[in-house]
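Student: I am new to this structure and would like to go through it by question and answer. Please show it to me.

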Amino acid sequence: LENFRELIRSRDFWNVMKNTLRISFTKILIGFPIPIPLAILLNEIRQVRFRKVIQTCIYLPHFLSWVVIGGIMLNLFSPVFGLAGQFFKATGMEAVNIMAKKNTIFWVVIFSDIWKEAGWSTIVFLAALTQVDLNLYEAARMDGANKLEQMIHITLPAISSIVIVMLILRIGKIMNAGFEQILVLQNPITKDTIDIFDTYVYRE
């Protein structure tokens, strides 16, 4: 038990615990629901070729490593050579290094994770949507239901069980806040803000 005592007595323990839970819960709160409307919108595209092109575009980030994503984030947010730097110059604002500020790096972590994984997560919900009886939509249209009403009263209830299962599985990984992502995106300035258990254990 000495190892556990040493861990809990560590000055970094409670900060690492807070960061891990904060990042994980925010990813669930913001990131988990996004693939659901994305899958519904993809399902509504009737042109098969166009739908496949869109699917490929949103799936692609999943296959990129976090090292590549980290490079993309640097190119986007660098105040010197990134798009953010060009924006600051064009608007006459003072350049801010978003990747090196404690109050902005957290949101870079959240939204880069959503961009990378949201498209891939739509696969499960798209598969669930194929099981919905099309006669239900036909009956709803005859009753005068528009697309939004069909989505609320037919689509969402039909896939609700899959949504609940996926949410339970995601909550089960609450202590996994993304080792590779944090390792790539953190730096000495932002370490205290986004340091998690995985990176802490790796250093120790």
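Tutor: One term comes up throughout: contact means heavy atoms within 4.5 Å. This is a predicted model, in which local features need pLDDT of at least 70 and side-chain atom pairs count only at pLDDT 80 or more, while totals for chains, interfaces and linings use all residues. Residues are numbered from 1 along each chain as its sequence is written, and side-chain values use heavy atoms, with hydrogens and water left out.

Student: Which element of the protein chain has the lowest mean pLDDT?

Tutor: pLDDT is the predictor's confidence in each residue, from 0 to 100. The protein chain averages 90, and 100% of the residues score at least 70. Among its elements, helix α2 (residues 13–31) has the highest mean, 94, and the lowest, 81, belongs to helix α6 (residues 83–91).

Student: Which residues in α4 do L38, L42 and N43 in α3 meet?

Tutor: Helix α3 (residues 35–44) and helix α4 (residues 48–59) have axes 9 Å apart and pack at an angle of about 155°. That makes α3 roughly antiparallel to α4, a term for angles over 145 degrees. The residues that L38, L42 and N43 meet in α4 are R51, I54, Q55 and I58.

Student: How are α2 and α9 oriented to each other, roughly parallel or roughly antiparallel?

Tutor: The axes of α2 and helix α9 (residues 147–171) come within 11 Å. They cross at roughly 170°. The two helices, α2 and α9, are therefore roughly antiparallel.

Student: Which residues in α9 do S24, K27 and I28 in α2 meet?

Tutor: The meeting place is the contact of α2 with α9. From α2 come S24, K27 and I28, and from α9 come L167, R170 and I171.

Student: Is S24 buried or exposed?

Tutor: S24 is found in helix α2. Leaving aside its neighbours within four places in sequence, S24 is in contact with R170, I174, N176 and A177. Buried means under 20% relative accessible area, exposed over 50%, and partly exposed in between (1.4 Å probe, protein chains only). With a relative accessible area of 0%, S24 is buried.

Student: Is R11 buried or exposed?

Tutor: R11 is found in the loop between α1 (2–9) and α2. Its relative accessibility is 77%, so R11 counts as exposed.

Student: What separates the C-alpha atoms of R11 and I154?

Tutor: Along the chain, R11 and I154 are 143 residues apart. In the model, the separation of their C-alpha atoms is 52 Å.

How values were computed. Axes fitted to C-alpha atoms, helices over the stretch in contact; angles between N-to-C directions. Helix = DSSP H or I, 4+ residues; strand = E, 2+ residues; numbered from the N terminus. Parallel < 35°, antiparallel > 145°, perpendicular 65-115°, else oblique. Nonpolar A, V, L, I, M, F, W, Y, C, P; charged D, E, K, R; others polar.
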